[in-house]
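Have the model open as you read.

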Amino acid sequence: MAILNTKSQHSMAQEIQTLLLSHKHIHLRWLKAHVGYLGNECADQLAKEAITKGDPFLLPKPLSYLKAEIKSAVLSICQDNWDNGETGRSTHDIVPRVSNKPVGCNREEIMFVPGHGPFLSYLHRFNLRTHDNCSCGEKGDPMHYATKCRFTLSWHFQTPTVSLKLQWLENILSNNLSRTRLRFLMRFICDEDKLIVEDNN
């Protein structure tokens with residue numbers, strides 16, 4: 001490909017191009033490897049010897065290869081940090097693999113899974129509320145609003161056991177109707193915070 005590229009800047013490719021122009025009876029063709037073509041087998045052997053000797057005239061790796069290697073290395077580092085980090089563990093349980101592709105979650109789901117949103121348990125941690133109890137008396141965390149709170153009864157899900165909480169979350173996120181209900185629940189909590197919070201300090 002380097003030889004056929006008339007814009008190639010590599011000195012070896014340019015030298016071969018000059019030789020081919022002055023020897024018009026020589027043609028380049030693709031041959032299937034390792035099927036007994038004598039010249040091809042010799043060329044393959046010479047290429048292997050050049051690699052083992054560290055021949056300085058080897059063509060550099062293409063940019064696409066380098067990009068793929070860098071991407072792979074970055075994803076590997078990110079995956080290691082994600083697996084061994086101390087924060088975001090609830091999200092890690094749902095999304096264990098690092099990827100450069102979108103997860104496919106909407107804003108409400110992203111707030112609900114780690115509990116980072118309009119929840120009293122979260123706001124109290126940052127002193128944005130004087131307590132973390134819902135006005136119905138129980139701790140105002142995501143599970144409370146999704147399964148117990150009397151103000152969010154219309155959007156309740158069945159309460160999971162502690163050991164099945166992860167499976168429960170995965171089931172909700174894999175079901176379109178459940179995701180819609182979760183979205184409405186989160187919108188209600190955002191819109192009706194005065195109903196759910198006794199003190200707004």
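Where they touch (contact means heavy atoms within 4.5 Å), domain 1 supplies four residues and domain 2 supplies six.

A note on the ground rules: this is a predicted model, so local features need pLDDT of at least 70 and side-chain atom pairs count only at pLDDT 80 or more, while totals for chains, interfaces and linings use all residues. Residues are numbered from 1 along each chain as its sequence is written, and side-chain values use heavy atoms, with hydrogens and water left out.

## The interface

About 410 Å² is buried between domain 1 and domain 2, with carbon and sulfur atoms giving 73% of that. Buried area here is the accessible area (1.4 Å probe) that two parts lose on being put together, summed over both. On the domain 1 side, Ser90, Asp93 and Ile94 lose the most area to domain 2, together 85% of what that side buries.

What about salt bridges (a Lys or Arg side-chain nitrogen within 4 Å of an Asp or Glu carboxyl oxygen)? Across the interface of domain 1 and domain 2, the rule finds zero.

## Aromatic pairs

How many aromatic pairs does the structure hold? There are six, counting Phe, Tyr and Trp rings (for Trp, the six-membered one) with centres within 6.5 Å; planes under 30 degrees apart are stacked, over 60 edge-to-face, and the rest tilted. One of them is tyrosine 122 with phenylalanine 126, edge-to-face at 5.1 Å centre to centre and 65° between the planes. Another, tryptophan 155 with phenylalanine 188, is tilted, at 4.9 Å and 40°.
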